[in-house]
Amino acid sequence: MAFSGADGLLYHEIDLATGSSEDFIYHGRSKLADIQGSSTTWYHSDPAGSPLAATNQSGTLLWRTHYRPYGEKLVGATTENTQWFTGKPHEDRIGLSDYGARWYDPVLGRFMAIDPVDWMGRNTIHSFNRYGYANSNPLKFIDPDGKVPALAIVFGGKLLEQIAIWGGRSALVAIGAMLAEEIQSDADAEKNVDTLGPGDYADASIPARGPERDFTKEERDKINEIGGKTGCHTCGEKKSGTKSGNFVPDHQPVSALNPAGKPQSLYPHCIQCSRIQGGQVRSQKAKNTKLGEHSTSKETGSEGRAGTNAKAK
Ligand SMILES: [Zn+2]
């Protein structure tokens with residue numbers, strides 16, 4: 001008798017003939033361990049949740065296996081484990097895997113029955129194929145329950161999974177935006193852009209009325225116009241990256257580093273550079289605190305650069 005969760009994973013199994021039972025422990029969608037009485041088997045899985053190897057309590061390798069893209073197991077492992085490609089229970093006797101709603105043939109790469117979920121306007125091409133598996137892209141997608149494909153991505157050591165594209169496209173978009181942002185901020189961190197002062201792409205600016213961020217529509221329009229022409233003043237990006245589509249009006253010199261209240265100008269900033277600036281302002285302020293009064297020369301440095309804002313381009 002088997003007990004599965006709503007996530008389609010097998011959690012507990014009882015052998016009714018012998019009365020012995022087994023618990024299955026997961027990390028995300030990947031099986032981490034089988035616990036049977038006092039003995040534990042550890043599993044080592046790929047991002048899609050397919051076990052590649054198992055070790056025992058003393059760390060000895062028990063078996064190792066690998067798969068073709070659609071899940072055909074290439075080397076026999078053990079009969080002890082029954083969950084294989086993407087962690088689904090596989091019945092050796094019939095050569096099929098149990099995906100919950102449907103049986104799947106990893107040799108054919110096709111389900112054995114039509115999708116119980118109807119054709120979906122949001123997945124026009126792939127949901128026409130009523131037997132298809134994981135949008136015909138088994139390296140990128142998994143199918144947690146035999147109904148709807150989901151993404152399996154490893155990023156930054158985290159397993160981001162269970163994002164049903166067609167069930168929760170907004171979640172996918174959010175994840176995508178998060179990844180893009182992480183990649184972008186990593187890239188920018190490597191470039192070591194300096195946001196404390198008008199950047200390499202700074203062209204026109206408008207005077208700031210003060211350090212407040214209470215921008216008028218006219219000010220926003222003007223900043224967007226400059227941003228549309230010459231891009232983010234730090235990185236040159238022509239897309240603001242903000243939800244509203246507005247460039248962030250960036251005070252230069254940066255308000256937090258302008259204690260004397262010197263006149264400031266507004267330049268268009270993209271969302272990434274604006275975030276990077278947050279960190280750079282914090283670290284600069286920390287440095288200033290350490291160095292004491294003399295560090296104000298750094299601020300006048302950026303002020304000096306602000307003075308050259310009418311760069312020829
Ligand atoms: Zn930028």
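Lys217, Glu218, Asp221 and Lys229 sit exposed on one side of helix H2, where exposed means that 12 or fewer other C-beta atoms, placed from the backbone, lie within 10 Å of a residue's own, buried means 20 or more, and partly exposed is anything in between. This is a predicted model, so local features need pLDDT of at least 70 and side-chain atom pairs count only at pLDDT 80 or more, while totals for chains, interfaces and linings use all residues. Residues are numbered from 1 along each chain as its sequence is written. Helices (H or I, at least four residues) and strands (E, at least two) are DSSP runs, numbered from the N terminus.

On the other side of H2 from those exposed residues, the buried ones are Ile223, Ile226 and Gly227. Looking down the helix axis, these buried residues fall within an arc of 100°, so they line one face of H2; the arc is taken over the directions from the helix axis to the C-beta atoms. As a rule, an α-helix has 3.6 residues a turn, so residues three or four places apart point the same way. The buried residues of H2 pack against strands E15 (206-207), E16 (248-252) and E17 (265-269), with contact taken as C-beta atoms, placed from the backbone, within 7 Å. The length of H2 works out too: its 14 residues (217-230) should span 20 Å, and the end C-alpha atoms are 20 Å apart, which agrees. That expected span is 1.5 Å times one less than the number of residues.

Next, the cores. A nonpolar core here is a set of buried Ala, Val, Leu, Ile, Met, Phe, Trp, Tyr and Cys residues joined through C-beta atoms within 7 Å. The largest one has 14 residues, of which Cys232, Cys235, Cys270 and Cys273 touch the most other members. H2, E17 and helix H3 (271-291) each put in at least two residues. Leaving aside residues up to four places away in sequence, Cys270 touches Cys232, Cys235, Glu237, Ser240, Gly241 and Phe247. A second, separate core of 13 residues includes Ala48, Tyr104, Phe141 and Val148.

Elsewhere, strands E5 (39-45) and E6 (51-55) pair antiparallel over four bridges, where pairing requires at least two DSSP bridges between the strands. Ser45 stands opposite Pro51 of E6. Five residues separate E5 and E6 in their hairpin, and Gly49 in the turn has a positive phi of about 95°. E6 also pairs antiparallel with E7 (61-64), over three bridges; here Thr55 has Leu61 in E7 as its bridge partner. The hairpin of E6 and E7 has five residues between the strands, with Gly59 at a positive phi near 85°.

Terms used
Contact = placed C-beta atoms within 7 Å.
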